[in-house]
Amino acid sequence: SKTQCRNKGIVPYSIKNSDSIMLLCIFSDSKDEYDLLSFLREIDLVAVEQKCMHSYPKSVSYYVDEPARNEFSRITHCIFVSTEDDKMCVKGGIGTYLGILSAQMSRYYPHLHVSWFCESPDNQEKIIQESRNFTRYYVSRHNDGYLNITEYAKLMNEKVSCHIKQLLKNDSNGLIAIESPEWEGLLCQLFMDTRSDRIIKISRLHSSLSVTSRLSSLRIEPASIEEEQVEREHEQMRHSDLISSPTSFIYTQCLDCVGDDDSVKNIRNCIVPNPVNVDDFSVEPYSRDESIEFFKQITGCDISSANFNVFAVGSVEKRKGSHLIAKFLPLISFHIPNVHLYFIGHHIKDDGDSLTSNKKLSPREIQDCIPDDLRSRVHFTGYVRHDVMPRLIMAGDVFPLCYLGDNFPGTLAEIALRKKPIIAYLKGGIPEMIRDEMENFLALTIPADVHPNDVPQKLSDAVMEFRRDNDKYVALAEHH
């Protein structure tokens with residue numbers, strides 16, 4: 001293997017008293033990196049740790065360990081399940097997370113076959129072959145009418161169960177890993193019924209309904225569809241082999257919601273952050289003026305480079321502190337008369353149609369937090385395609401994140417990659433995301449012990465601090 005590495009122009013170094021070797025590499029582009037990883041797997045090596053810069057050309061140190069290859073190669077199929085995706089049925093962060101993860105797994109692990117079962121955007125069943133080893137299965141939610149989430153979970157269980165039976169029949173040795181979000185408990189029945197040493201059942205914690213309803217002060221009615229969902233979520237967790245979570249915060253919250261149920265607390269768990277599309281969000285920045293013009297074209301909202309533009313990115317909902325950011329506007333407008341506030345993300349219509357069981361707020365509810373004379377300075381873009389966000393972000397001047405208890409807000413990582421100033425309320429999973437190796441915060445912050453009622457004033461104070469020492473906080477953003 002060392003000879004083959006040298007023939008590829010890669011320098012291997014043996015590590016004393018270890019089965020591992022270290023490869024030092026320089027890549028000029030993503031194809032170089034992909035070619036190397038494919039080559040390593042051809043010679044039965046697998047990278048188990050890497051440290052690198054995130055833009056090309058980049059240098060990488062790979063520690064590769066031959067025994068690790070043998071263990072991982074036993075997993076031949078990986079199945080993901082969700083009611084959303086990142087292309088045709090976009091609702092929130094789960095689809096974005098799975099879109100990045102499934103594509104990268106299929107790319108970097110050629111031996112692995114990746115299947116993603118997700119909700120169809122219409123009444124048509126679809127199968128889309130993304131690559132040689134990655135397939136999307138779109139399952140329609142229309143069957144003599146629109147299926148509620150209980151009915152749809154039953155249908156999804158049937159579809160995935162049939163798929164697994166076929167895989168087990170065709171492959172007599174490989175392991176199958178199934179990951180389903182605890183949200184909605186889509187594979188509750190399958191997890192309860194399946195006992196096989198060839199199947200690994202993984203519940204990925206995003207934010208269960210019991211957690212989000214508590215954070216959003218929503219009441220779950222007895223004998224309701226929502227109560228059935230909560231029970232499915234808990235049962236799926238109880239029958240998992242592994243509980244995986246992006247942050248310690250959401251794992252602890254889920255344990256609190258299941259109470260004294262040791263059957264959940266005793267399941268193996270791990271903390272693995274959500275992936276972020278670093279390449280897309282690390283591209284060379286557009287100028288502010290260019291991005292403002294692009295923002296107008298994409299959203300249709302009025303925006304000017306002469307104004308101070310505050311961007312609140314994410315779904316418009318109480319759990320994400322949208323009402324707190326709205327209440328901040330009259331406070332900051334006293335100091336910055338040309339301030340404008342933009343909510344970028346899903347909201348419900350004023351007639352009350354909700355996208356999911358997470359209660360979104362309507363523009364009217366946000367406007368009610370603001371004096372009449374300032375309402376013209378509040379703008380709602382609605383949902384914006386994820387692929388245009390790297391450019392849109394560059395039009396904003398400061399980005400408040402006042403989430404009251406979100407799990408792993410991917411928008412924080414994406415804004416940080418664009419090196420834009422962030423003001424973060426240290427609630428939920430945010431403190432785990434925003435520290436450097438020395439435990440220093442890489443943004444202006446609002447302490448977690450500040451009561452939500454006081455957040456608008458603290459946010460205004462933080463914006464003024466940013467304005468007073470702009471160079472300092474722009475430099476801090478550069479270190480994201």
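Which residue forms a salt bridge with Arg-238? In this predicted model, the partner is Glu-235, and the closest N and O atoms of the two residues are 2.8 Å apart. Both residues belong to helix α8, which covers residues 225-238. They are separated by 3 residues, about one turn of the helix. Their accessibility falls on either side of the 20% limit for burial: Glu-235 has a relative accessible area of 17% and is therefore buried, while Arg-238, with 23%, is partly exposed.

A second pair is formed by Asp-406 and Arg-319, again as a salt bridge, with 2.8 Å between the closest N and O atoms. This pair links distant parts of the chain, 87 residues apart. Asp-406 sits in the loop between β16 (399-401) and α16 (410-417), and Arg-319 sits in the loop between β13 (308-313) and α13 (322-333). Asp-406 and Arg-319 are both buried.

Salt bridges can also share partners. One network of this kind joins Asp-85, Asp-86, Lys-87, Glu-130 and Arg-136.

A further salt bridge connects the side chains of Asp-122 and Lys-126, with an N to O distance of 2.8 Å. Asp-122 has 29% relative accessibility, so it counts as partly exposed. Lys-126 is likewise classed as partly exposed because its relative accessibility is 23%.

The general principle is simple: side chains of opposite charge can pair when their charged atoms come close. With a cut-off of 4 Å between a side-chain nitrogen of Lys or Arg and a carboxyl oxygen of Asp or Glu, the count for the model is 18 salt bridges.

Definitions and conventions:
Residues numbered from 1 in each chain as written. Predicted model: local features only at pLDDT ≥ 70, side-chain atom pairs only at ≥ 80, totals over all residues. Heavy atoms only, no water. Buried < 20%, exposed > 50% of the residue type's maximum accessible area, 1.4 Å probe, protein only. Helix = DSSP H or I, 4+ residues; strand = E, 2+ residues; numbered from the N terminus.
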